[in-house]
Amino acid sequence: MIELHQVSVTVSLPQAGRKPIAKTLLSEVSLSLAERRVAVIGANGSGKSTLLRLLNGLVLPTAGRVLVDGLDTATQVRQVRARVGFIFTDPLAQLLMGTALDDVELSLRDQVRDKAARRARALELLAERGLADLAEQSVYDLSGGERQLVSLTSVLATQPELVVADEPTTLLDLRNRNTVVAALCGLPQQLILATHDLELAAQADRVVVVDAGRIVADGAPARTIDCYRRLMRDDRP
Ligand SMILES: Nc1ncnc2c1ncn2[C@@H]1O[C@H](COP(=O)(O)OP(=O)(O)O)[C@@H](O)[C@H]1O
Ligand SMILES: [Mg+2]
């Protein structure tokens, strides 16, 4: 269960030779997210990534509180991060090691202490996603779709309670998009994802529409996606 209580995020933007300007990225957002699949949609720069990054303490609220299963992201970030798996748009932002195998092994380091057993388990997890043959290839030589699947495998290896994915399919072609969507939709965990893929958003149990740092629509996909389409036509809902 995710709770945002009156959350605002403000940053100070430095200005050459002048006083910094305060910019509000999110404004008094309150949300309780308990649905299995929640999509966050909104224009570029509307605040989707800021909202998602709040959920694992990558961004902290300037005002208000963010709770993940009752844990405050401002004071219990380690426990929060252990619960929340975060998938980035660009998997290279996520993959720390040179190969898929090393990366998944790294994710398993707390769970499987024995090195040989850890390697075997990492290979097993990669094989479950059809990535066994790519295990020892440089992550830089993988296709975007393969990289995103490796990233997902690595994040899931930490056994998160919930998965947050920030535009996980934006960089992918249709085939890879479909593979990654199938993998994400098959997860038993709660999934919160930001996307411009309205077909994907339509499959969610709940859609949250963000505009200029505020929630402007929230609820069933058909109505909220329609609000977003109207908003993008500059015809306010
Ligand atoms: N650390 C930051 N410092 C200054 N501005 C930021 C920072 N992070 C995001 N922004 C700005 O906040 C707005 C919302 O960004 P973001 O949450 O990334 O939107 P989205 O993911 O919907 O495209 C954008 O105008 C972006 O430039
Ligand atoms: Mg973003």
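Is E167 buried or exposed? Select E167 in this predicted model: the residue is buried, with a relative accessible area of 12% (buried means under 20% relative accessible area, exposed over 50%, partly exposed in between, with a 1.4 Å probe and protein chains only). E167 sits in the loop between strand 7 (162–166) and helix 6 (174–185); helices (H or I, at least four residues) and strands (E, at least two) are DSSP runs, numbered from the N terminus. Its phi is near 45°, a positive value in a residue other than glycine. Most residues other than glycine have a negative phi.

Next, go to Q6 in strand 1. Q6 also has a positive phi, about 50°, but is partly exposed, with a relative accessible area of 47%.

Now show ligand 1 and the residues near it (a heavy atom within 4 Å). The shell includes V11, L13, K23 and L25. Strand 1 (2–15), strand 2 (18–33) and helix 1 (48–54) each supply at least two shell residues, and helix 1 gives the most, with three.

Zoom in on the polar contacts (pairs of N or O atoms within 3.5 Å). An oxygen atom of ligand 1 lies 2.8 Å from a side-chain N or O atom of K48. A polar side-chain atom of S49 is 2.8 Å from a ligand 1 oxygen, and a backbone N or O atom of G47 is 3.1 Å from one. The protein covers 61% of the 560 Å² of accessible area that ligand 1 has on its own (Shrake-Rupley method, 1.4 Å probe).

Residues are numbered from 1 along each chain as its sequence is written, and chains are lettered from A and ligands numbered from 1 in the order written. Local features need pLDDT of at least 70, side-chain atom pairs count only at pLDDT 80 or more, and totals for chains, interfaces and linings use all residues, while side-chain values use heavy atoms, leaving out hydrogens and water.

Definitions and conventions:
Polar contact = N/O pair within 3.5 Å; in protein donor to acceptor, adjacent residues only side chain to side chain.
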